[in-house]
Protein chains: 2
Amino acid sequence: MSTNSYYGQEGHGPYELIGIGNLELEEGGNIPNCQLAVATHGTLNAAKDNAILVPTWYSGTSKIMEQVYIGNGRALDPAKYFIIVVNQIGNGLSTSPHNSSGAQAGPTFPKVRIGDDVRAQHKLLTEKYGLKSLALVVGGSMGAQQTYEWAVRYPDMVKRAAPIAGTARNTIHDFLFTETLVEAITSDPGFNKGFYTSSADVREGLLRHAKMWAVMGWSTEFFQENRHKSLGFSSLDDFITNFMYGYFSVMDPNDLLCMAWKWQRGDVSRHTGGDLRAALGRIKAKTFVMPMSSDMFFPPADCQAEWRLIPDAEFRPIQTIDGHLALFGADPNAISQLDKHLGELLATKI
Amino acid sequence: MSTNSYYGQEGHGPYELIGIGNLELEEGGNIPNCQLAVATHGTLNAAKDNAILVPTWYSGTSKIMEQVYIGNGRALDPAKYFIIVVNQIGNGLSTSPHNSSGAQAGPTFPKVRIGDDVRAQHKLLTEKYGLKSLALVVGGSMGAQQTYEWAVRYPDMVKRAAPIAGTARNTIHDFLFTETLVEAITSDPGFNKGFYTSSADVREGLLRHAKMWAVMGWSTEFFQENRHKSLGFSSLDDFITNFMYGYFSVMDPNDLLCMAWKWQRGDVSRHTGGDLRAALGRIKAKTFVMPMSSDMFFPPADCQAEWRLIPDAEFRPIQTIDGHLALFGADPNAISQLDKHLGELLATKI
């Protein structure tokens, strides 16, 4: 177990650490006393039918979901809904390599799959809150992977699903991209096979990883239109150093690698012997598929191909030049499109 | 000066090494006794008006241009045209870091710009062949950068121009992508600031560089449609190892970095104080702008924006799922579209 001041209530709270007991893992092994960091907004009604689950993305925590997606008058409105944001395993707030000890500390942390997260969340929601249905599961990127996993694994429980900028089965291309992110970190001699003393030892690798995010996370139009300057940075260097480097360099490398491994292998067709059509055919949730129009690694075409396999789903791409990282909410127009679609989805009678 | 058996007549010939004397460089300094590796096809006619210049791309040599683009019955037909393929400075055949000695060997090789290549080629064509006009300049990627530079710098000499999958002014996004390629190499401890003994010392960095090419060079549809298997590879691993790694790992790191530096800074608006419209407005060549439809770093939108600034130009995108590396010619349909467009361009009366 190592300390990392980035992860904690100060930067990411308020959240509650909730133990769900022992979590058996799909790849074998288990996480004893698995802790999920959970932030809730609003109140569960008596009928227990106003719950919304929001899983988190790679490197993200419940905080950005709160800041960018949740609010009074928004689609995800705490005045109407009981919104439960669950930090994914490995993200630094929930049980993760850097905050585990003993035989599971750091690089010895077991391999976790999207399905493990979803079963852990299911245990939390059913046992802690007594939920039998979810009005909506909504998440971006790896949050979309978890959303799809929820809709396929628990089709009767999920009434509506909104996978944003993510796929149900990760593509080969996306797998390769993630591999380059992983290699940026692991190739740093300071990484030392995961046995570093602090993130600072892996600084060069984390910076390379951040720059690759700058290439694939935004879009050529984003830079062409000087969006990086309109976000308040004086130059490309300023943007790379103070935004991209600043964001990623404080994170724990083993935590990032835990999430990356999971991301690479997101695949709902594991439930159906590799048959994606059969897996997506199980979905009963009313589903809005919402890619970002300029996304370079979860591009609209990949999302659209899956949308065709989901019964009664709607394809609702978000027009933006902010690429995948429009998820960060820096393009207000993208967020307003998202809000509109989510509002319509929530208004859909089931 | 180091030896590298990859570069030579056996793999890339026949070509002729032609000295053009001293080349003053835009960044300062010079290359004394600059040697250009030149491959020609066909015969110069008496009027000297049937010459076609073909510059080369990053990591490419005259050989792939010969194999993929030139042939009897093709648009670039040696029976009709005198086709001169000039290897760019730094590509390993022409004067390059790895084949230079003394104060210019390896990492001490001077910085070279696209404009330096084009002036070197101009000297070659005018002095060695006595050319006063070029029926066509055509190149892909960095070859497109050189094509644009030719058309802007020598507007009266270039009658037709076909920049394929490249831009006249490199974009910020493309600059960033190239920077991640550079960092993949330079971050390898074996790189040793360029003072390695052989490419094998930098193997890990070259492999990471190759994998990043796999991500940005093709497209998500390329892998989705299993094009890597239809090219004869049994799996993604086989493709990455035997194609991508095999291709790049034998190259000289300093040579690649010389080209990358040049690529990042391609910009015809250097002639006009940064005014791209004014620079492209100088072009007198009939120009076909030909991006690859699925290109991730010279995407159609960037090429189209430049096309609008070129007098009387035509926008002729190539439909393909092979991304930027459709340039390699593995998609016969893309090559046949290219041939058709080039044929029409060459048939245009000037």
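This is a predicted model: local features need pLDDT of at least 70, side-chain atom pairs count only at pLDDT 80 or more; totals for chains, interfaces and linings use all residues.

Me: Why are α6(A) and α9(A) called oblique to each other?

Reply: The axes of helix α6 (residues 203-217) of chain A and α9(A) cross at roughly 120° and come within 9 Å. Angles of 65 to 115 degrees count as roughly perpendicular and those over 145 as roughly antiparallel. The pair is therefore oblique. Its crossing is right-handed.

Me: What makes up the contact of α6(A) with α9(A), by class?

Reply: Contact requires heavy atoms within 4.5 Å. Among the residues involved are A:L206, A:W213 and A:R203 of α6(A), and A:I240, A:Y245 and A:F248 of α9(A). The classes are nine nonpolar, two polar and two charged residues.

Me: How do α9(A) and α5(B) pack, and at what angle?

Reply: Helix α9 (residues 236-249) of chain A meets helix α5 (residues 172-186) of chain B at an angle of about 60°, with the axes 12 Å apart. This crossing, too, is right-handed. On the side of α9(A), the contact is made by A:L236, A:I240 and A:Y245; α5(B) supplies B:I172, B:F175, B:L176 and B:E183.

Me: Why does that contact have one charged residue?

Reply: Glu counts as charged, and B:E183 belongs to the contact. The division is therefore six nonpolar, no polar and one charged.

Conventions: Residues are numbered from 1 along each chain as its sequence is written. Chains are lettered from A and ligands numbered from 1 in the order in which they are written. Side-chain values use heavy atoms; hydrogens and water are left out. Axes are lines fitted to C-alpha atoms, for helices over the stretch in contact, and angles run from 0 to 180 degrees between N-to-C directions. Helices (H or I, at least four residues) and strands (E, at least two) are DSSP runs, numbered from the N terminus. A crossing is left-handed if the near helix is turned anticlockwise from the far one by less than a right angle, and right-handed if clockwise. Angles under 35 degrees count as roughly parallel, over 145 as roughly antiparallel, 65 to 115 as roughly perpendicular and the rest as oblique.
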